[in-house]
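Hi,

Here is the structure we talked about, ready for you to open. My notes on what turned up in it follow below.

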Amino acid sequence: MTDNEIPRNWNQLVKLVPILPQMALENNFRSPAVQSIYEAYSKHTPKDIRTQILLKELGESKTGLLYNHFYYDRLLKHLPYVRHLCYWYSDPNKEDKQIFNELNQIINGESKTFSYDFIFFTNLPQAKSIPEFPHTHIFVNYGFAIPKSEFFKPQLSQELYVRN
């Protein structure tokens, strides 16, 4: 992805959804700084330990919406109002419609006064950090800038961040 291809607004990001899985193989949605941290973590933390950490964050349900600790900051560099999350689940056969319905319930709940736009995509198998554990990348459009102190704050699944 060249700098000219980086989305400058929400609609441009939405238009990329069909090709994001293939684009993710290029592995340049992250800035060099975030990518080097991700690579160091992947290299020095065995996959079984990474899986244990993930399962601890998810809790007994083994399902949850978590911040992406190695977020796609380069892809979102012009979109300070978009949060990158990952939805982890145990059913590898879950279809997009079911994922959408579950995410809509988590993100928007039963609110009749507002709703947040979100998009999602699933990486191709060769681009997954923990391929045995299905997950989908979610971008939520909060419609306003999120302070960096809040954006980078890690949260566990029990403390899911959903702005009301």
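**What I found, starting with I119**

I119 counts as buried, because its relative accessibility is 10%, below the 20% limit for that class. Please keep in mind that this is a predicted model. I119 sits in strand β3, a strand that is mostly covered, with four of its five residues buried. The C-alpha atom of I119 is 6.9 Å from that of V14, although 105 residues separate the two along the chain. Strand β3 runs antiparallel to β4, and five bridges join the two. Within this pairing, F120 stands opposite I138 of β4.

**The overall layout**

Stepping back, the protein has six helices and four strands. Their order along the sequence is α-α-α-α-β-β-α-β-β-α. The protein has 164 residues, and 43% of them count as buried.

**The other strand pair**

β1 and β2 also run antiparallel, joined by four bridges. One thing to look for when you turn the model is that β1 is covered on both faces: G64 and L66 are buried on one side, L65 and Y67 on the other.

K62, in the loop between α4 and β1, has a positive phi of about 55° although it is not a glycine. Is K62 buried, partly exposed or exposed? It is partly exposed, because its relative accessible area is 42%, which falls between the 20% and 50% limits.

**Aromatic residues**

There are eight aromatic pairs in the model. In one of them, the ring centres of W88 and F133 lie 6.0 Å apart with their planes at 50°, so this pair is tilted. It links distant parts of the chain, as W88 belongs to strand β2 while F133 lies in the loop between β3 and β4, 45 residues away. Both W88 and F133 are buried.

Y38, Y41 and F70 make up one aromatic cluster. Y38 has a charged neighbour as well: R30 lies over the face of its ring, at 4.0 Å from the ring centre.

**The largest pocket**

The largest pocket holds about 520 Å³ of space. Which residues come closest to its centre? They are Y38, N68, F70, W88 and S129, out of 29 residues that line the pocket. Two of these, Y38 and F70, belong to the aromatic cluster described above, and W88 is the residue that pairs with F133.

Helices α3 (32-44) and α4 (47-58) each supply at least two lining residues, as do strands β1 (64-67), β2 (82-88) and β4 (135-141). By residue type, the lining divides into 14 nonpolar, 11 polar and four charged residues.

Best wishes

Methods
Residues are numbered from 1 along each chain as its sequence is written. This is a predicted model: local features need pLDDT of at least 70, side-chain atom pairs count only at pLDDT 80 or more; totals for chains, interfaces and linings use all residues. Side-chain values use heavy atoms; hydrogens and water are left out. On a 1 Å grid over the protein atoms alone, a cavity is a set of points where a 1.4 Å probe fits but cannot get out, and a pocket is an open set with protein on both sides within 12 Å along at least five of seven lines; lining residues have an atom within 4 Å of a point. Grid points are joined across faces, edges and corners, and a volume is the space filled by probe spheres set on the points. Ala, Val, Leu, Ile, Met, Phe, Trp, Tyr, Cys and Pro count as nonpolar, Asp, Glu, Lys and Arg as charged, and the others, Gly among them, as polar. Buried means under 20% relative accessible area, exposed over 50%, partly exposed in between (1.4 Å probe, protein chains only). Rings of Phe, Tyr and Trp (its six-membered ring) pair if their centres lie within 6.5 Å; planes under 30 degrees apart count as stacked, over 60 as edge-to-face and the rest as tilted. A charge sits over a ring if NZ of Lys or CZ of Arg is within 6 Å of the ring centre and within 35 degrees of the ring normal. Two strands pair if DSSP finds at least two bridges between them.
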